[in-house]
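Please open the model in your viewer and keep the selection tool at hand.

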Amino acid sequence: MEMLNIALPKGRLGEQVYRLFEAAGYECPSIRGENRRLIFENEERGVRYFWVKPSDVAIYVERGAADVGVAGKDILLEYQPDVYELLDLGMGRCRMCVAAKKTFRDSMDRTLRVATKFPRIAKAYYSSLSREIDIIKLHGSIELAPILGLSDVIVDIVETGKTLLENDLEPKDTIVPISARLIANKVSYKFKYEEVTALCRCLDGLCREQDQ
């Protein structure tokens, strides 16, 4: 049997996603062992899993190292990998938001300074509003930017809003809801069509059950 290569995001979301795959009949018992291995196989079920940094899953799938994988919608929107998006798994739900100090009021007569890890998403959003912006690309602690006067607003992922609240910031607008998506390599989708679509059907059925 030809292996189906599956890239899972490391961390809490990946463990949650694996439980869903397991429930769908794509179990791989060795993945649950206490070890530092990154690749796990179950030849009987024809699956090979590997743990990947969440932001890299789409690269592994796009380049064909993985047939399918699970990536956040934020990653797909920001990096626009050339893959098929097959299914919303409904996990890791959060939202991409504009946030700022509670006292912030936008003024159209000056360029808006936007700090973010997601410049493409921010540009697309403000372009749709015909708003002139100055993007400040940061890699961490985005909340600091408006507090220290580096930016007027931030564009970032908001889950509970607690971090914003603790830093005297608040969400101003929601750009797009975010959740984990099943994605597929375009060549794999063609040559392993039956395996990929069978997996997709099983996962879709489970997701629908959980939503009821």
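The tour goes from aromatic rings to cysteines and then to a helix.

This is a predicted model, in which local features need pLDDT of at least 70 and side-chain atom pairs count only at pLDDT 80 or more, while totals for chains, interfaces and linings use all residues. Residues are numbered from 1 along each chain as its sequence is written, and side-chain values use heavy atoms, with hydrogens and water left out.

**Aromatic rings**

A search of the whole structure finds six aromatic pairs, a pair being two rings of Phe, Tyr or Trp (its six-membered ring) with centres within 6.5 Å, stacked if the planes are under 30 degrees apart, edge-to-face if over 60 and tilted otherwise. Select F50 and Y60, a tilted pair with 6.0 Å from centre to centre and 50 degrees between the planes. Because F50 belongs to strand 3 (residues 47-52) and Y60 to helix 2 (residues 57-62), this pair ties together parts that are 10 residues apart in sequence; helices (H or I, at least four residues) and strands (E, at least two) are DSSP runs, numbered from the N terminus. F50 is buried at 11% relative accessibility, whereas Y60, at 35%, is partly exposed; buried means under 20% relative accessible area, exposed over 50% and partly exposed in between (1.4 Å probe, protein chains only).

Next select Y189 and Y193, which form an edge-to-face pair at 5.3 Å centre to centre, with 85 degrees between the planes. Then display Y18, F21 and Y49, which form one aromatic cluster.

**Cysteines**

How many disulfides does a search of the whole structure find? The search finds zero, a disulfide being a pair of cysteine sulfur atoms within 2.5 Å. Select C200, whose sulfur is 9.1 Å from the closest cysteine sulfur, that of C207, which is too far for a bond. C200 is buried at 15% relative accessibility, and C207 is buried at 6%.

**Helix 4**

Finally, select residues 119-128, which make up helix 4, and colour its buried residues: P119, I121, A122, Y125 and Y126. Viewed down the axis, these buried residues fall within an arc of 160 degrees, so they line one face of the helix; the arc is that of the directions from the helix axis to the C-beta atoms. The buried residues pack against several elements, including helix 3 (73-79), strand 6 (94-101) and strand 10 (169-178), where contact means heavy atoms within 4.5 Å. On the other side of helix 4, S127 and S128 are exposed, and just after the helix S130 takes a positive phi of about 55 degrees.
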